[in-house]
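Work through the exercises below with the model open. Try each task before you read its solution.

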Amino acid sequence: MRRWALALIIGSATPILTAQSPPTVTIELSERGNVARDRIDAAARLAMASYAEWLGPPPFERLGIRDSLPADVAVRIRWWEGPGQMWVESKVAEDIALAWLGRVTTNNEWKYGAAAYLRSRIVEQLFDREFFLKAHRYDGTCFFGCYVGWSFRSLPLDRSAGGGNRMGTAFVSLERELGWPTLQGALLAAALGGVTDPIAMMSAATGRDLAPVFAEASSGEPVDRTITGLSSEPGSCASPCYRTLVSIGPTGAVPFPLLVRLSFSDGQSIEARWDGRRDRLEFESAAPAIGAELDPDRVWLLDRNLLNNARVPPRETNVPVTKWMARWIVWLQDAILTHTFPV
């Protein structure tokens with residue numbers, strides 16, 4: 001097992017790291033030509049430049065990465081870890097984020113969650129550079145000596161899990177609810193405030209009470225909000241109208257109002273916000289409702305079960321048979337043309 005260390009070197013008279021100019025990362029290794037060196041260097045440089053933009057000037061003046069050296073932050077690299085796993089990049093980005101957020105000393109749960117969230121943004125950018133800019137098809141399979149490739153559309157890296165940290169997942173949910181510019185401003189206020197309550201600082205910066213969001217994330221108790229019923233019956237009005245009831249449970253505090261989308265048989269749809277205080281929503285419409293979805297855009301990601309968040313009419317199948325048959329026929333045609341010799 002090889003061990004690398006992230007060492008905070010403080011004491012330079014002139015600060016060399018500012019928010020306007022990307023920080024310079026000093027990498028000192030006793031071995032040259034190491035496979036992990038370039039990966040560590042790329043992750044550290046991107047993390048330093050991004051955190052300086054997102055969180056303001058760092059609380060240290062120089063960052064060195066060295067091996068076999070006592071350090072405040074350690075990066076342990078397993079010898080069997082391959083480039084595709086990006087574990088090295090994740091560890092480097094998270095450790096630098098923890099060093100950046102070192103001024104938040106009392107709320108360690110928030111600090112580690114924020115570090116996991118920021119790490120996911122860095123790894124996402126590194127993933128895009130590695131797989132997209134180099135036109136590398138990581139989920140394709142070549143047949144017949146790679147003459148014909150069964151190609152799939154490359155999917156972007158999904159960081160909705162927040163690095164396996166519930167608090168980090170709450171940050172991802174806040175990004176979807178508030179937008180990245182607003183969340184980034186709140187993180188900047190918390191990082192520069194140097195206060196013991198970063199959640200209060202973020203709430204003041206956004207103008208919204210974010211305490212319920214982090215409270216549910218830190219509780220560790222899985223909450224399953226679901227649509228328990230949907231009924232649409234003719235109303236008593238003169239013109240054709242329908243009265244629709246959407247039952248939602250359990251009632252209680254929600255981190256922020258969740259969106260409810262109702263679809264009707266005439267192709268129309270409406271949206272409303274559910275604040276958790278009522279167990280049902282009522283609607284009147286000219287056509288009967290055929291479907292209801294709770295949080296259709298998947299904003300709150302700590303819901304235990306997302307499969308029961310919708311009531312939709314049954315369909316014959318959820319498999320696009322025609323689409324896959326057409327794809328297979330096109331592939332078969334190319335394969336035959338490639339390996340058919342003229343007679």
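**Exercise 1. Decide whether Trp-110 is buried or exposed.**

Solution. Trp-110 has 0% relative accessibility, so Trp-110 counts as buried. Buried means under 20% relative accessible area, exposed over 50%, and partly exposed in between (1.4 Å probe, protein chains only). Phe-171 also has 0% relative accessibility and therefore counts as buried.

A note on the source: this is a predicted model, where local features need pLDDT of at least 70, side-chain atom pairs count only at pLDDT 80 or more, and totals for chains, interfaces and linings use all residues. Residues are numbered from 1 along each chain as its sequence is written, and side-chain values use heavy atoms, with hydrogens and water left out.

**Exercise 2. Find how many aromatic pairs the structure holds, and classify the pair of Trp-110 and Phe-171.**

Solution. Start with the rule. Rings of Phe, Tyr and Trp (its six-membered ring) pair if their centres lie within 6.5 Å; planes under 30 degrees apart count as stacked, over 60 as edge-to-face and the rest as tilted. The structure holds eight such pairs. In the pair of Trp-110 and Phe-171, the centres are 5.9 Å apart and the planes stand at 65 degrees, which is edge-to-face. Trp-110 is in helix α3 (residues 108–132) and Phe-171 in helix α4, so the pair ties together parts 61 residues apart in sequence. Helices (H or I, at least four residues) and strands (E, at least two) are DSSP runs, numbered from the N terminus. Last, look around the pair. One aromatic cluster is formed by Tyr-51, Trp-54, Trp-100, Trp-110, Tyr-117, Phe-171, Trp-180 and Phe-214.

**Exercise 3. Describe how α4 packs on α7.**

Solution. Two packed helices are described by the angle between their axes and the distance between the axes. Axes are lines fitted to C-alpha atoms, for helices over the stretch in contact, and angles run from 0 to 180 degrees between N-to-C directions. Helix α4 (residues 166–178) and helix α7 (residues 211–219) pack at about 150 degrees, with axes 8 Å apart. That makes α4 roughly antiparallel to α7. The cut-offs: under 35 degrees is roughly parallel, over 145 roughly antiparallel, 65 to 115 roughly perpendicular and the rest oblique.

Now list the contacts (heavy atoms within 4.5 Å). From α4 come Arg-166, Met-167, Ala-170, Phe-171 and Leu-174; from α7 come Val-213, Phe-214, Glu-216, Ala-217 and Ser-218.

**Exercise 4. Locate Ile-248 and name its contacts.**

Solution. Ile-248 sits in strand β8. At 2% relative accessibility, Ile-248 counts as buried. Set aside neighbours within four places in sequence: the contacts of Ile-248 then include Thr-226, Val-260, Trp-274 and Leu-294. Leu-281 is another of these contacts.

**Exercise 5. Check the backbone at Pro-250, Asp-295 and Arg-298.**

Solution. Take Pro-250 first. The peptide bond from Gly-249 to Pro-250 is cis, with omega near -5 degrees. Pro-250 lies in the loop between β8 and β9. Move on to Asp-295. Asp-295 is not a glycine, yet has a positive phi of about 55 degrees. Asp-295 is in the loop between β12 and β13 and, at 5% relative accessibility, counts as buried. Finish with Arg-298. Arg-298 has a positive phi near 55 degrees and is also not a glycine. Arg-298 lies in the loop between β12 and β13. With a relative accessible area of 30%, Arg-298 is partly exposed.
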